[in-house]
Amino acid sequence: GWDSFGILAENAARLNNLDPKEWTEKNISTMRSQLKQLGLSIDWSREVSTCSSEYYKHQQLFFLELYDKGLIYRKENYVNWDPVDQTVLANEQVIDGKGWRSGALVERKKLNQWFFNISKFSNELLEGLNHLDQWPNKVKIMQKNWIGKSYGCEIDFNIEGDLPVNKIKCFTTRPDTLFGFSFLAISADHPISKFYENDKNFIDFKKNCSKTGTTEESIAQAEKIGFKTNLFAINPLDHKIKVPVYFANFVLMDYGFGAVFGCPAHDQRDLDFALKYNLKITTVVKPNDEKDDFEINKEAYTGTGIIFNSKFLNGLKAPNESIAKTLKILEEKKIGKKKINFRLKDWGVSRQRYWGCPIPIAYNKNNEIIKVPLEKLPIELPEKIDLNTTGNPLDHQKDWKKIIINDEECTLETDTLDTFVDSSWYFLRFCSPNKINTEF
């Protein structure tokens, strides 16, 4: 299987002023010849290439079938943006906060994107790991952490201030540390941000947030920055405790509710933020052998221990006893409830490049989504186009973009599919590599 689409081939063809199709097929021919000379046991009758329309026409059909079943959708979302390659990157393509190909610092950019609804299968994927008896255990652990099932609770924080905001909801896995709560952090895209959209300082803050990618790695490594609001959050377990509400660059809208409660003593990210903005640090979990004067300096304590400095929670073993007790109290007071959350996000498959599988979707004059009819598949790429353009070269192909569907002129989607989509169904195509009829 020749994984022959993608930004690598496109950039190489652009650099050498060559057509990606001709350049790729020539390289495949050369490598095929070399492999045959090596005498490897390869069944050449089952050879496939992802950049062949005989391959990707089936992929376009899969896309439409998944769309019909509600497993593919389009939404506006923040993505990892490579400012040099001018394309979206998957988390796996961001290395140390930089694009794997260009080496440019990845930015956070909001775009309309196509997504595969893989989060719908989070629990099924997790349980399926139990049946993979021959998989290496370390790989299964990596998969389990990637899916990231966590138990916690939703908490409603009452809000005071000069805005018409009464409550902010957040998700946490450690409600037992609420007495160490010293600030509430919300995403720059939280609904409350609408009240600050004309504030120059907030606009500048939000621009700085865009310099951080969307991967956990880039967020962890980036300098923590915040924007203080005039709001205060009230601790649900002690109404005398009121803490400031900040917009923070390490909080994203696609996790939980786009809001987290900051407990600096027991979360390194929160501690870094609190030290920068001189916020209170209250230690509420101590190792079993420590005294009640145990304090945090520059390193958060995230281990097990005993709850203290927490009134009616004092003396409970953390985290098991303390979480269960706190959840019970929050539910009785009707200010919180148990919640299961998954780290796994839906798969963004849109890429702003020429050399990839065209997405079989068009838009009418009202910008409504129109499926490309089966009889018009495959939607093939235009050949021998000018790649020396800014952004996606397909955006500049006016004739190619025009398509008539149901007697109405529509505009083809110019994003192409991530190459991981191409290789995700090799196993199916290898079973019938020579099915080339145009009827599906």
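Let's start at Glu 154, which sits in strand 6 (strands are DSSP runs of E, at least two residues, and helices are runs of H or I, at least four, numbered from the N terminus). This is a predicted model, where local features need pLDDT of at least 70 and side-chain atom pairs count only at 80 or more, while totals for chains, interfaces and linings use all residues. Residues are numbered from 1 along each chain as its sequence is written, and side-chain values use heavy atoms, leaving out hydrogens and water.

Glu 154 counts as buried because its relative accessibility is 9% (buried is under 20% relative accessible area, exposed over 50%, partly exposed in between, with a 1.4 Å probe and protein chains only). Leaving aside neighbours within four places in sequence, Glu 154 is in contact with residues including Lys 169, Phe 257 and Lys 339 (contact means heavy atoms within 4.5 Å).

Now for the largest nonpolar core, with its 41 residues: Phe 157, Ile 168 and Leu 184 touch the most other members. Such a core is a set of buried Ala, Val, Leu, Ile, Met, Phe, Trp, Tyr and Cys residues joined through side-chain atoms within 4.5 Å. Among the elements giving it two or more residues are strand 6, helix 6 and helix 9.

So what about helix 6 itself? Its buried residues are Phe 202, Phe 205 and Cys 209. Looking down the helix 6 axis, they fall within an arc of 60 degrees, so they line one face (the arc is that of directions from the axis to the C-beta atoms). They pack against strand 5, strand 9 and strand 10. On the other side of helix 6, Lys 200 and Lys 207 are exposed.
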